[in-house]
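Hello,

Here is the structure I promised to pass on to you. My notes on what turned up in it follow below.

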Amino acid sequence: MRKKYDSRPTGPSVPTLKEVAQLVGVSTATASRALAGAVGVRKVLRSQILEAARSISYHPNRAARDLRVRSSRAVGVLIPDIENPFFTSLVSGIEDVLAKTDYSLLLASYNEDPEQEARRLEVFRADGVAGMIFAASRAPSKLYAELGKAGRALVAVSRDVPRLRTDQVMVANTDGAYAAVTHLIQLGHKRIAIINGPLAFTTARDRQTGYERALRDANVPVDENRVVHTAFKQSAGYAAMQQLLNLPKKPTAVFTASNLLTLGALQAIHERHLAIPSEIAIVGFDDMPWATSLRPPLTTVGQPAFQVGRTAADLLLARLREPSLPRRQIVLETQLIIRSSCGFESKKTRKKTRIK
């Protein structure tokens, strides 16, 4: 005969699963299965257990339950810089997809610090996430591989991790950089500098390849004095641009390989009171909302950050449904968005001024 129960909590201030089970007269395993919605519990009994849980305000510890049954409904998202607009838009794309499912999103950033990255991964593993979408550091932790071996679905975004066999969503970095530098060459520039991130990142290597290929195809030699590799930070872009402007033969144009590097370069150019594009032209990588608000508006290589996030979330959900699917690598196209900072429109403006 089942025990009768009332709604008065007993024992510790935080109700436990054991109390729920005792109120109904079942084992904690049966109570756990009923609360988790698992099969094998009679409908009437499940209702009794749910009523007992409500009566003492018991709420299951979801993380602990997921670690036990390996059925977490959380997805970990790990990015290098939460202040970078590219990654902000990428996360928005992931959220747009997950919002239509019963998966929740756990977000963390590691500030380009591999030690922080490893700690964040340990937390995700302890939380029992079902899968992860991540942009790895220059020294990706072996924890990614361990998570994959433990059955976690993994999708790499933005940065390729060659030694890690997982689904990936990248953008056409080489093509984007090639288009940007070719455009500058077509406008008559020969002394074209590049401010790029560390070559440890595949994004930086690919953009460097596009830069060099465009120069070679136009028979323009690559001058190593005009090539600066630094951190993907605004302050680093500022210092790099100062370095380039101190050259005996200053560049007439610069290609900046990320949005934050672009902001830093612009800061240095404005401090020198140089006119854009008549004294120096600039083309950036990443089209941001503020690009059209600059004077002159910024020519950029647009990459579909929101769509990268959406695509990554779709791949992750597909992997969770069918773990045996073949590995997939998706490369999304970039687009050169021509505005005034490279000199394209300013030539027309100067011609009109002379006519007056």
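Of the 356 residues in the protein chain, 49% count as buried, meaning under 20% relative accessible area, with exposed over 50% and partly exposed in between (1.4 Å probe, protein chains only). Please keep in mind that this is a predicted model, where local features need pLDDT of at least 70 and side-chain atom pairs count only at pLDDT 80 or more, while totals for chains, interfaces and linings use all residues. Residues are numbered from 1 along each chain as its sequence is written, and side-chain values use heavy atoms, with hydrogens and water left out.

The chain holds 13 helices and twelve strands; these are DSSP runs numbered from the N terminus, helices being H or I with at least four residues and strands E with at least two. Of the contacts with a separation of 6 or more, 67% come from residues 24 or more positions apart, a contact being heavy atoms within 4.5 Å.

Buried residues of α11 include L260, L261, A265 and I269. The helix's buried residues pack against α5 (85–98), α10 (234–245), β6 (192–196), β8 (253–256) and β9 (281–285). Just after α11, H273 has a positive phi of about 60°.

N259 belongs to this helix too, and its relative accessible area is 1%, so N259 is buried. Its side chain makes a polar contact of 3.2 Å with the side chain of D286 (a pair of N or O atoms within 3.5 Å; within protein, one must be able to donate a hydrogen and the other to accept it, and residues adjacent in sequence count only if both atoms are side-chain atoms). Beyond its neighbours within four places in sequence, N259 touches, among others, N84, F86, F285 and W290.

Now the rings. The whole structure has four aromatic pairs, counted when ring centres of Phe, Tyr or Trp (its six-membered ring) lie within 6.5 Å; planes under 30 degrees apart are stacked, over 60 edge-to-face and the rest tilted. One of them, F134 with Y144, is stacked, at 4.2 Å centre to centre and 25° between the planes. F134 lies in strand β3 and Y144 in helix α7, ten residues apart, and both are buried.

Finally, R159 has its charged end over the ring of F201, 3.9 Å from the centre (CZ of Arg or NZ of Lys within 6 Å of the ring centre and within 35 degrees of the ring normal). R73 likewise lies over the face of Y103, at 4.1 Å from the ring centre.

Best wishes
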